[in-house]
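Look at the sequence and the 3D structure below.

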Amino acid sequence: MSEIINYYNQFDEWGRLDREPIEFQVNLHYIKKYMPKTGNVLDNGAGPGKYSMGLAKEGYQVTLTDLTPRLVQFAEHKAKELDLYRQFNGFYVADARELNMIKDEQYDAALMLGPMYHLQEEMDRIKAVKELVRVTKKNGLVFVAFMPRVRHILTSLLSLSNWKTNDNMGSIIQFSQSGCFNHTDEGRFTSAYYFNIEDINPFMEEQGFENLELIGSNVGAELNNDSWNYWKGKGEQEVETIVTLIKELAADPYVLGISSHLLYIGRKK
């Protein structure tokens, strides 16, 4: 876990979601679509708290956890800065697999929009999801982020020098079979696990959830800076129309594989 803490001590995750706002907007759109009008929410593995702040603004009572102390501290300061501190029930440094400070069945909804990327061992992934089962109320909602394996295969083929060790076909084939990726460039993305898309719903169902929807958080991942600059030059209305279209495309199962991230939505049985 020290590798993850070291990475996020240096990486600007809040800034990433500002630089790549489509992922945040799409996820929040679908989260709000399913959320009850009021309730207690856990943001587990929340990072700097971007989603927590969005839900707090909507009036939800939020508990925030993350493995990295610096990010928990950042989130607490951000809540005060945005005058949202009263909407939070606590800020905790915690491993997603062991939420010991939280009692059973406390939350109407729980988010886990990061930890599943970093757990390469299946038993660790099961532990993290089982903790969501434990702390979520019966019929409560869960929102869990995954990274699709096929997308990373395509990304590796497109940008070989950026994704070492996936800079040769032997490694790419091995990755396609295991889903485990370990970056060889120091300071780059941590060791990670990428799911086959067809495995996500069965995996979550086995842990105790009814599957509601699986969406692509950013099916516009192929749009580069030049593309966005072109559309921005067309005016704000044109950009808003693109974002609306991407939100609609997010629910199309035929394009899940081109999205850089996926959002699973389920209900505790």
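Helices (H or I, at least four residues) and strands (E, at least two) are DSSP runs, numbered from the N terminus. By this rule the protein has 12 helices and nine strands. The model is predicted, so local features need pLDDT of at least 70 and side-chain atom pairs count only at pLDDT 80 or more, while totals for chains, interfaces and linings use all residues. Residues are numbered from 1 along each chain as its sequence is written, and side-chain values use heavy atoms, with hydrogens and water left out.

A residue is called buried under 20% relative accessible area, exposed over 50%, and partly exposed in between (1.4 Å probe, protein chains only). Of the 269 residues of the protein, 52% are buried. The protein exposes about 12900 Å², of which carbon and sulfur atoms supply 48%; such areas come from the Shrake-Rupley method with a 1.4 Å probe, and for residues only the protein chains shown count as cover. Contact means heavy atoms within 4.5 Å. Among contacts with a separation of 6 or more, 74% join residues 24 or more positions apart.

In soluble globular proteins, nonpolar side chains tend to be buried together. A nonpolar core is a set of buried Ala, Val, Leu, Ile, Met, Phe, Trp, Tyr and Cys residues joined through side-chain atoms within 4.5 Å. The largest one here has 47 residues, and Ile31, Met35, Leu55, Phe88, Leu111, Phe143 and Leu263 touch the most other members. Helix H3 (residues 21-34) gives this core its largest share, six residues. What does Leu55 contact, leaving aside its neighbours within four places in sequence? Its partners are Leu28, Ile31, Met35, Val41, Tyr60, Val62 and Leu111. A second, separate core has 29 residues, including Leu132, Val133, Val142 and Leu214.

Now turn to helix H5 (residues 69-81). Its 13 residues reach 18 Å from the first C-alpha to the last, close to the 18 Å expected at 1.5 Å a residue; the expected span is 1.5 Å times one less than the number of residues. The buried residues of H5 are Leu71, Val72, Ala75, Lys78 and Ala79. Seen down the helix axis, these fall within an arc of 125 degrees, so they line one face of H5. The arc is that of the directions from the helix axis to the C-beta atoms. After H5 comes Asp83, with a positive phi near 60 degrees.

Side chains of opposite charge can pair when their charged atoms come close. A salt bridge is a side-chain nitrogen of Lys or Arg within 4 Å of a carboxyl oxygen of Asp or Glu, and the whole structure holds 11 of them. Arg97 pairs with Asp95 at 2.6 Å, N to O, and with Asp124, where the closest N and O atoms are 3.0 Å apart. The second pair links distant parts of the chain, with Asp124 in helix H7 (residues 122-135) and Arg97 in the loop between E3 and E4, 27 residues apart. Asp95 is buried at 18% relative accessibility, and Asp124 is buried at 17%.

Glu131 is buried, at 10%, whereas Arg134 is partly exposed, at 23%.
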